[in-house]
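Hi,

Here is the structure I promised to pass on. My notes on it follow below.

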Amino acid sequence: ITGKSGYGTDKERFIIYRMFNKLKRIKKKIFKNKTRFKNLDYLKKFDVVLICHHFFYYEEMYNFLIQARKTYRNILFIGALPYNLGRVREYWRDPVWYKYFIDFFNNVDIFAIIDYVAKDYYSLIIKKPIVYFPTFYPFEYAKKYFINRVDKKKIIFIAGDTKRLDTVWGMHIAKEIQKKFPEYLIQIINPGKINIKPLDGANFEILTYMDWETFLKIVGRSYIVINMDTWWTNGRVPADCAVVGTPC
């Protein structure tokens with residue numbers, strides 16, 4: 001919807017606002033029926049239960065945890081966070097999401113995280129024991145994409161999501177390298193709408209979004225990977241580079 005302001009007229013914005021609130025009410029009504037958790041009996045066969053927090057169903061997951069705890073007081077509940085601190089901090093801008101996040105992890109027995117550097121950060125708001133539980137890496141599968149340095153292509157590969165400023169910084173670094181070594185091609189993946197203006201004047205190629213196997217092949221054939229993303233990740237890109245023998 002367009003208008004003089006770029007966001008539509010006052011009437012159009014009001015219509016959208018009413019539609020949005022109506023959808024929220026419908027969603028709440030639907031999930032009110034779903035949060036009866038008729039399958040709680042399934043938990044009684046376990047001594048330990050792992051519950052993963054969910055970005056979009058944070059209220060439902062919290063309600064499930066509370067009801068499960070009331071029903072089975074002898075079960076050890078481990079709350080897991082399957083995504084990194086960077087994504088969590090983005091969602092913390094929403095005060096409701098933030099509150100449910102804290103309430104969820106303060107009602108488990110143990111809080112398991114995949115980011116080692118995030119432990120002290122979370123300890124400021126979570127008063128339950130926090131343990132580092134790293135994700136496994138399928139080395140036996142990935143190592144078949146290893147390529148010796150002498151067989152690599154003259155490619156500078158930029159890793160990361162370009163909505164992050166550190167990846168934009170990576171583009172500038174790649175351009176500086178290319179100025180010294182103009183025979184090298186810059187490559188970057190386009191997951192959707194990206195800002196490629198920082199690469200103006202450079203010799204670069206945009207690749208379409210790909211599965212992990214194809215990603216390993218591309219990283220393996222690249223001569224160097226630029227990964228300036230300091231977004232509290234759990235280091236998947238550096239791990240991929242290491243297993244295929246490409247400096248990062």
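A salt bridge here is a side-chain nitrogen of Lys or Arg within 4 Å of a carboxyl oxygen of Asp or Glu. This is a predicted model, where local features need pLDDT of at least 70 and side-chain atom pairs count only at pLDDT 80 or more, while totals for chains, interfaces and linings use all residues. Residues are numbered from 1 along each chain as its sequence is written, and side-chain values use heavy atoms, with hydrogens and water left out.

The structure holds seven salt bridges. One of them joins Lys99 to Asp103, with the closest N and O atoms 2.7 Å apart. These two are four residues apart in helix H4, so about one helical turn separates them. (Helices are DSSP runs of H or I with at least four residues, strands are runs of E with at least two, and both are numbered from the N terminus.)

Helix H7 (residues 165-180) has a pair of its own: Lys179 and Glu176, three residues apart, form a salt bridge at 3.0 Å between the closest N and O atoms. Lys179 is exposed at 59% relative accessible area, whereas Glu176 is partly exposed at 44%. Buried means under 20%, exposed over 50%, and partly exposed in between, using a 1.4 Å probe and protein chains only.

Asp109 and Arg69 also meet in a salt bridge (3.1 Å, N to O). Asp109 sits in the loop between helix H4 (95-105) and strand S3 (110-113) and Arg69 in helix H2, so this pair ties together parts 40 residues apart in sequence. Asp109 is partly exposed at 22%, and so is Arg69 at 21%.

Best wishes
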